[in-house]
Amino acid sequence: MVIRNKFGQLKIQQMAFMLIAVTLFFVLVGMFVLVYKFSDIKNQANTLREQNAMLLATKIANSPEFSCGMALGSGKTNCVDADKIIALKNNIKKYEDFWGSNTNVVVKTIYPKEKEKECTFANYPDCNVINLLGKNISGTYSNFVSVCKKENENGIIYDKCELGRIIVSYENQF
Amino acid sequence: MKIKKSGQEKDLWTNHHVDFFQKKKAQEEKISKRNLSSLSRKSGQEEMVGFVLIMILVMVILLIVLGFVLTGKKGIEEKDYQLDSFLESALQITTNCSMNGKILTLKDMVPQCVTKQKCENTNEDICKRMETIFRGAINQSFNPGKESYVKSFSLNIYKIDGEQKETVTSISEGSQTKTSRVGWSEFIKGKNYQIYLKNYY
């Protein structure tokens with residue numbers, strides 16, 4: 001009689017243990033799946049952040065102070081006018097408050113590769129790095145651009161474009 | 001010689017046999033009860049063992065399926081905006097090659113390469129010059145190498161003629177890995193041209 005009374009309790013205990021074990025198992029599987037899914041979201045977030053940084057640099061390159069415009073042929077994308085930038089560098093004091101004190105733009109020619117030489121109004125165009133504010137940059141956003149200028153060869157004026165990089169550092173977003 | 005048993009002897013014999021059989025029956029009942037109770041004690045343990053075996057079997061199957069899913073997965077290829085910008089900028093590079101008195105850009109060289117032309121001023125094969133410039137630009141920009149972040153690259157230029165896709169040139173360096181980023185650009189110079197650059201990491 002006593003054994004029969006406890007038989008039901010034993011069955012209930014068994015069922016309870018089984019339910020706990022199954023629940024724990026599915027919780028572990030669910031956690032594993034979530035970790036796997038969230039790691040992919042982190043990668044996507046990093047990719048978007050990189051893309052945004054590059055878009056900001058491109059925005060500067062396409063602003064009227066830097067972009068090529070009709071003078072160097074219309075329809076050129078990702079193009080900066082080196083002649084315009086060096087003229088801007090000469091008048092940069094007028095633009096000090098325009099972009100903020102912690103902003104700087106550097107346009108560097110990558111290919112064809114030459115020894116790095118910073119541009120001034122005196123040595124231009126025999127140089128390949130135009131540092132607009134003359135400051136060192138940190139916390140940068142950069143992207144590839146085509147650095148174009150007017151060249152004179154044997155009396156023939158033509159558009160010369162080289163592969164370059166525009167590097168922007170600033171505190172506040174445009 | 002027949003031995004006649006008395007009535008008393010008969011009773012004693014019968015009683016002895018009855019006692020024997022009764023004792024045997026009682027013993028057998030005792031054994032079966034003992035077996036039953038030990039069985040009922042062990043049935044819970046058997047069920048638990050069975051449950052654990054099922055759990056282990058399910059986990060092993062899950063691990064095998066997971067292994068197939070992860071190893072069978074193709075390498076990751078992502079679109080890279082920076083590579084798009086690189087291609088658009090590189091195509092505007094002014095070369096030292098001229099044709100019909102006009103200095104060619106890298107973009108201008110592509111249709112000339114299809115028709116296997118040579119530079120008028122240097123007499124150099126336009127396709128070779130174009131490949132040299134592309135290689136130089138990619139190496140300066142990404143510095144691909146075994147110990148570099150970018151392990152290798154491949155560049156392909158195609159001419160699209162209706163539904164036909166013809167390879168104009170194909171440049172690659174280094175051994176390809178499973179993870180890559182791709183950028184592309186399209187332009188029209190008489191015909192449609194597509195250029196793909198893939199960096200392997």
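This report describes strands, a helix, a pocket, a chain interface and some backbone details of a predicted model.

## Basis of the description

Residues are numbered from 1 along each chain as its sequence is written, while chains are lettered from A and ligands numbered from 1 in the order in which they are written. Because the model is predicted, local features need pLDDT of at least 70 and side-chain atom pairs count only at pLDDT 80 or more, whereas totals for chains, interfaces and linings use all residues; side-chain values use heavy atoms, with hydrogens and water left out.

## Strand pairing in chain B

Helices (H or I, at least four residues) and strands (E, at least two) are DSSP runs, numbered from the N terminus, and two strands pair if DSSP finds at least two bridges between them. In chain B, strand 6 (residues 180–189) pairs with strand 1 (residues 77–79) in the parallel sense over three bridges, and B:Ser180 of strand 6 is the bridge partner of B:Glu77.

Strand 6 of chain B also pairs with strand 7 (residues 191–200), here in the antiparallel sense over 10 bridges, with B:Leu197 of strand 7 as the bridge partner of B:Gly183. These two strands form a hairpin with one residue between them, and B:Gly190 in the turn has a positive phi of about 85°.

Helix 3 of chain B covers residues 106–114, and its buried residues are B:Leu106, B:Asp108, B:Met109, B:Val110, B:Pro111 and B:Cys113; buried means under 20% relative accessible area, exposed over 50%, and partly exposed in between (1.4 Å probe, protein chains only). Just after this helix, B:Lys116 takes a positive phi of about 55°.

B:Asn123, in the loop between helix 3 and helix 4 (126–142) of chain B, has a positive phi of about 60° although it is not a glycine, and at 55% relative accessibility B:Asn123 counts as exposed. B:Asn143, in the loop between helix 4 and strand 4 (152–161) of chain B, likewise has a positive phi, near 50°, and counts as exposed at 52% relative accessibility.

## The largest pocket

On a 1 Å grid over the protein atoms alone, a cavity is a set of points where a 1.4 Å probe fits but cannot get out, and a pocket is an open set with protein on both sides within 12 Å along at least five of seven lines. The largest pocket has a volume of about 710 Å³, where grid points are joined across faces, edges and corners and a volume is the space filled by probe spheres set on the points.

The pocket is lined by 29 residues (each with an atom within 4 Å of a point), of which A:Asp159, B:Thr94, B:Ile103, B:Thr105 and B:Asp108 lie nearest its centre. Two or more lining residues come from each of strand 5 (156–169) of chain A and strand 2 (94–99), strand 3 (102–105), helix 3 and strand 6 of chain B, and the largest share, five residues, comes from strand 2 of chain B.

## Chain interface and cis peptide bonds

In total, 33 residues of chain A are in contact (heavy atoms within 4.5 Å) with 31 residues of chain B. The two chains bury about 2,700 Å² between them, 63% of it on carbon and sulfur atoms; buried area is the accessible area (1.4 Å probe) that two parts lose on being put together, summed over both. In chain A, A:Phe25, A:Tyr111 and A:Phe144 lose the most area to chain B, together 23% of what that side buries.

A:Tyr111 is also joined to A:Pro112 by a cis peptide bond, with omega about 5°, and A:Pro112 lies in the loop between strand 2 (104–111) and strand 3 (129–131) of chain A. A cis peptide bond with omega about 5° also joins A:Tyr124 and A:Pro125, and A:Pro125 is found in the loop between strand 2 and strand 3 of chain A.
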